[in-house]
Amino acid sequence: MFENLGNRLQDILEKLRRESKLTEAQVKAAMREIRMALLEADVNFGVARDFVARVSEKAVGAEVLGSLTAGQQVVKLVHDELIETLGGKAQQPTLKNEGNVIFMVGLQGAGKTTSTGKLAKFYKEKGRRVLLVAADTQRPAARDQLRVLGTQVGVPVLEVANGETPEQTRARVQEFQRGDFRDLIIVDTAGRLQIDEGLMDALSDLKTAMQPTETLLVVDAMTGQEALNVAKTFDERIGLSGLIITKMDGDARGGAALSARFVTGKPIYFAGTSEKLTGLEPFYPDRVAGRILGMGDVLGLIERAQQADLAQMEMKKAGEFDLEDLLTQLRQIRKMGPLGDLLKLIPGMSRALPEGFNVDEKQIQRIDALISSMTLKERRNPGILNASRRKRIAGGSGSTVQEVNKLIKMHEQMKGMMKMLQGMQGGLGGGKGGK
Ligand code: GDP
């Protein structure tokens, strides 16, 4: 997401950055281009208009023009304004010690059930005792889907029965609480393909019964401005406290995310970044702005590394590096997300990579499958992999003996490379400080 917008803005700003002094006319021309770029990215008209008005005003007012660093200062103004537009300081739902109820609402297909599961995981990892309530009686498979997610995350799921009244649901939750107290209840509610009165009434009744402390609307970034009209209606009828924007990993132009704060007046709490349970990130306006302008998101990168526990990745002596170590490391790195996405978090990289660049994830999955078909003894001692063992492994992983051979050769080359690197470090006085 944001790729086209990012490229456009970076081009416009690059031109400004190169100028030593700027005239008002130059700034004006650039602002017109920025406005066009925003509109083309499906940003709300009012948002685009105010955005350039504020940047222009500051550029002219702050005596930026004519100064030697004018170009750079305008870049900073645009960066700051992007952060403001996205909501300024990052905000998160307010949670008390107990008695927290998060009410999840949204149209069908927005990613409500998936996000409910992701939130359960997010908060469980923060030490919360979560109960999920599956109250989406509209979409046939929603309750099954939430039950499966609950099992994966390891939190209980209370399923609302067809025809159950909101009061009955509340009573069942209270009953559950008496046996197994939970400090955070997340309610997945029914969605519809479109807003209709019946849905709004039902949600409103359930909300009254459940007394949520936060009401989050799940918005699909792919549906653009229309999603924000929907958000306004939800806010008027149900009352919202914040937003979750899903499918930020898709190729949506980004306008919905950029306009959401302005149009709804509600903060974006989280962004959905994949279909997996791990694909939920607190929304940091400054980091997103940095990504759009190609300044990278080093903090995001570090956090993903911490999540994947890369610190656990032991550095082995080259001679001891076996196939089991290779498998562990590959899996830990893959936990951080698709490699192509990771590279883009590195400053400047999003522009350096060719369009549509992607690391071949399949290749990595093949290697995983091959090593997984070996016994632990074989992984620890690749030397014992004779012809019959290689044949068995090929069969077990649905590949060919040639592929097994290739993997073993690759591993040997890696070992050789590591030996060389470690030799160099040693020879140069050893360790990190050596130069
Ligand atoms: P609901 O009807 O709102 O409960 O929608 P679901 O939770 O079933 O999600 C609809 C589809 O969107 C599913 O295929 C999800 O896997 C997918 N989805 C949800 N969130 C994300 C996301 O952040 N990124 C991507 N790529 N897909 C998502």
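Predicted model: local features only at pLDDT ≥ 70, side-chain atom pairs only at ≥ 80, totals over all residues.
Residues are numbered from 1 along each chain as its sequence is written.

Colour by secondary structure. The protein chain has 19 helices and eight strands. Helices (H or I, at least four residues) and strands (E, at least two) are DSSP runs, numbered from the N terminus. Of the contacts with a separation of 6 or more, 74% join residues 24 or more positions apart. A contact needs C-beta atoms, placed from the backbone, within 7 Å.

**Stop 1: strand β2**

Select residues 130-135. This is β2, and six of its six residues are buried. Show the side chains. Val130, Leu132 and Ala134 are buried on one side. Leu131, Val133 and Ala135 are buried on the other.

β2 and β4 pair in the parallel sense over six bridges. Pairing requires that DSSP finds at least two bridges between the strands. Pick Leu131 and look for its bridge partner in β4, Ile185.

Val133 has Leu158 as its bridge partner in β3.

**Stop 2: strand β5**

Move to residues 214-220. β5 is mostly covered, with six of its seven residues buried. Bring in β1, residues 100-105: the two strands pair in the parallel sense over four bridges. Val105 stands opposite Leu217 in β5.

Then select residues 242-246, strand β6. β5 and β6 also pair in the parallel sense, over five bridges. Find Leu216, which stands opposite Gly242 in β6.

**Stop 3: helices α5 and α6**

Two packed helices are described by the angle between their axes and the distance between the axes. Select residues 112-125 (α5) and 142-153 (α6). They pack at an angle of about 20°, with their axes 9 Å apart. Axes are lines fitted to C-alpha atoms, for helices over the stretch in contact, and angles run from 0 to 180 degrees between N-to-C directions. α5 and α6 are therefore roughly parallel to each other. Angles under 35 degrees count as roughly parallel, over 145 as roughly antiparallel, 65 to 115 as roughly perpendicular and the rest as oblique.

Show the contact residues. On α5 these are Thr113, Thr116, Gly117, Ala120, Lys121 and Lys124. They meet Ala142, Gln145, Leu146, Leu149, Gly150 and Val153 in α6. By class, there are five nonpolar, five polar and two charged residues. Ala, Val, Leu, Ile, Met, Phe, Trp, Tyr, Cys and Pro count as nonpolar, Asp, Glu, Lys and Arg as charged, and the others, Gly among them, as polar.

**Stop 4: helices α3 and α4**

Finish with residues 45-61 (α3) and 70-85 (α4). Their packing angle is about 140°, and the axes are 10 Å apart. This pair is therefore oblique. Val47, Phe51, Arg54, Val55, Lys58 and Ala59 in α3 meet Val74, Leu77, Val78, Glu81 and Thr85 in α4. This contact has seven nonpolar, one polar and three charged residues.

How values were computed:
Contact = placed C-beta atoms within 7 Å. Buried ≥ 20, exposed ≤ 12 C-beta atoms within 10 Å, placed from the backbone.
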